[in-house]
Amino acid sequence: MAERFTTWARRVALALACSAGLAAFAAEAPPVAEDPVVEARMIKLAEELRCLVCQNETIAASHADLAVDLRQQMREMLHKGMSEDDIRSYMTDRYGDFVLYKPPFKPETALLWVGPPVLLVLALTALFITLRRRQRAAPEAFDPDTPDDDDEPRLPR
């Protein structure tokens, strides 16, 4: 009987030790606004702003600590009655136009807006010129080079 109790006690102790290790993986639940309307406004606004840590994700999608803090800060600002434009201007004043996924068109951001179309036009022009030159080239220009019998000795077969 004592041996059975000892085996049972060891199993219970082992189960408790294993389950205690799971607590290390627990995380604090992300804060959520009490008001679903405020939460929806915050998410909509956070989807327009770039995470400054990840840089390829929105603040709404990022799990970085800074993004979590900025979402909480936006919730507090919305609770204080600030508009989306006020929060957007606060973020751009603090972090610059880089925080916006759609930066405004102004001299500092003109290259962002004009650069890609200009590069596309240049690439298409280069492609057109190359194709025209190939079209006008003689057919001999496209024949593969064959080694002359005099230049390279042939290996015996």
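Residues are numbered from 1 along each chain as its sequence is written, and side-chain values use heavy atoms, with hydrogens and water left out. Because the model is predicted, local features need pLDDT of at least 70 and side-chain atom pairs count only at pLDDT 80 or more, whereas totals for chains, interfaces and linings use all residues.

The protein chain contains 5 helices and 0 strands, where helices (H or I, at least four residues) and strands (E, at least two) are DSSP runs numbered from the N terminus. Along the sequence the pattern is α-α-α-α-α. Of the 157 residues of the protein chain, 18% are buried; buried denotes under 20% relative accessible area, exposed over 50%, and partly exposed the range in between (1.4 Å probe, protein chains only). Contacts are defined by heavy atoms within 4.5 Å. Among those in the protein chain between residues at least 6 apart in sequence, 48% join residues at least 24 apart.

The largest nonpolar core has 17 residues. Such a core is a set of buried Ala, Val, Leu, Ile, Met, Phe, Trp, Tyr and Cys residues joined through side-chain atoms within 4.5 Å. The members that touch the most other members are Leu49, Ile59, Met74, Ile87 and Met91. At least two residues of this core come from each of helix H2 (36-46), helix H3 (65-79) and helix H4 (84-95). The highest contribution is that of H3, with 5 residues. When neighbours within four places in sequence are left aside, Ile59 is in contact with Ala46, Leu49, Arg50, Cys51, Ala67, Leu70, Arg71 and Met74.

Two residues of the loop between H2 and H3 were examined individually, Arg50 and Cys51. Cys51 has a relative accessible area of 1% and is therefore buried. Not counting residues up to four places away in sequence, Cys51 touches Glu57, Thr58, Ile59, Ser62, Ala64 and Ala67. The C-alpha atoms of Cys51 and His63 are 9.3 Å apart in space, the two residues being 12 apart in sequence.

Arg50 is also in contact with Ile59, and its other partners beyond four places in sequence include Gln55, Glu57, Thr58, Val99 and Leu100. Arg50 is buried yet has no salt bridge, and Asp97, the nearest side chain of opposite charge, is 11 Å away. For this assignment Lys and Arg count as positive and Asp and Glu as negative, while His and the chain ends are not counted.

The structure holds 5 salt bridges, each defined by a side-chain nitrogen of Lys or Arg within 4 Å of a carboxyl oxygen of Asp or Glu. One of them pairs Arg75 with Glu39 at 2.8 Å, N to O. Arg75 belongs to helix H3 and Glu39 to helix H2, so this pair ties together parts that are 36 residues apart in sequence. Both partners are buried, Arg75 at 6% relative accessibility and Glu39 at 14%.

A salt bridge also joins the side chains of Arg41 and Glu84 (2.8 Å, N to O). Since Arg41 lies in helix H2 and Glu84 in helix H4, the pair ties together parts that are 43 residues apart in sequence. Arg41 is partly exposed, with a relative accessible area of 28%, and Glu84 is partly exposed at 25%.

In a further salt bridge, the closest N and O atoms of Arg88 and Glu48 are 2.9 Å apart. Arg88 lies in helix H4 and Glu48 in the loop between H2 and H3, so parts 40 residues apart in sequence are tied together by the pair. Arg88 is partly exposed at 21% relative accessibility, as is Glu48 at 29%.
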